[in-house]
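Here is a short tour of the model, written for someone who likes to know the cut-offs behind each term. Have a look at the sequence and structure, then read on.

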Amino acid sequence: MFTEHRAVAPLRVFLVLLFGILVLFQTMSLPGQFAHMAEESPDLAYLRWPMTAITVFWVLCIQVVIVSTWKLLTLVRNDRIFSDASMGWVNAIVWAIVAAWVVLLGVFLYVGFRATDPGLPLLLFLMLVGVAVLGLLMVVMRALLRQATTLRTDMEAVI
């Protein structure tokens with residue numbers, strides 16, 4: 001358990017940095033990028049607000065994962081990770097990944113039916129598969145956490 005506790009502090013530092021960078025992207029970079037795109041390519045200007053909304057939503061999903069991970073780290077630090085309290089935070093991670101994947105699927109279908117070049121649809125397909133793998137991995141991890149929590153509860157009842 002000593003190694004896990006030593007990893008918590010640096011992980012929290014990186015989570016704070018990542019969250020801060022994502023807020024910067026969410027509020028300045030992404031809206032600015034799509035405004036610039038609309039000015040440079042007036043024929044694509046109609047995509048400015050949908051693309052801004054979608055990318056800001058994806059960043060929000062990542063922020064949900066970061067906050068949930070922070071809360072899980074608190075449970076690890078307090079040696080309460082194998083409790084029912086952790087399941088809510090793991091569920092939040094799973095649902096954030098599912099929501100991001102569903103929106104990504106919509107973008108993939110939209111782009112796929114309109115594309116004249118296979119590059120972007122292939123990249124989006126790769127992202128779809130990657131996010132699906134991440135989501136399914138989290139579902140498996142949630143099942144393992146549930147089993148470990150049940151075992152720990154059973155052991156505490158015996159003792």
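## A threonine to start with

Is Thr52 buried or exposed? Thr52 is buried, with a relative accessible area of 7%; buried means under 20%, exposed over 50% and partly exposed in between, with a 1.4 Å probe and protein chains only. Thr52 lies in helix H2 (helices are DSSP runs of H or I with at least four residues, strands are runs of E with at least two, and both are numbered from the N terminus). Leaving aside residues up to four places away in sequence, Thr52 touches Pro31 and Phe34, where contact means heavy atoms within 4.5 Å.

## How to read the values

This is a predicted model, in which local features need pLDDT of at least 70 and side-chain atom pairs count only at pLDDT 80 or more, while totals for chains, interfaces and linings use all residues. Residues are numbered from 1 along each chain as its sequence is written, and side-chain values use heavy atoms, with hydrogens and water left out.

The largest pocket holds about 570 Å³ of space. A pocket here is an open set of points on a 1 Å grid over the protein atoms alone, where a 1.4 Å probe fits, with protein on both sides within 12 Å along at least five of seven lines; lining residues have an atom within 4 Å of a point. The volume is the space filled by probe spheres set on the points. Of its 19 lining residues, Met51, Val107, Val111, Leu120 and Leu124 lie nearest the centre. Helices H1 (2-40), H2 (48-77), H3 (84-114) and H4 (119-158) each give two or more residues to this lining.

The second largest pocket has about 450 Å³ of space. It is lined by 20 residues, and Leu72, Leu73, Val76, Ile81 and Leu145 are the closest to its centre. H4 supplies the largest share of this lining, six residues.

## Helix H3

H3 has 31 residues and reaches 46 Å from its first C-alpha to its last, close to the expected 45 Å, which is 1.5 Å times one less than the number of residues. Its buried residues include Val90, Ile97, Leu104 and Val111, and H2 and H4 are among what covers the buried residues of H3.

## One salt bridge

The structure holds one salt bridge (a side-chain nitrogen of Lys or Arg within 4 Å of a carboxyl oxygen of Asp or Glu). Arg152 pairs with Asp79, their closest N and O atoms being 3.3 Å apart. Because Arg152 lies in helix H4 and Asp79 in the loop between H2 and H3, the pair ties together parts that are 73 residues apart in sequence. Arg152 is partly exposed at 26% relative accessibility, and Asp79 is partly exposed at 40%.
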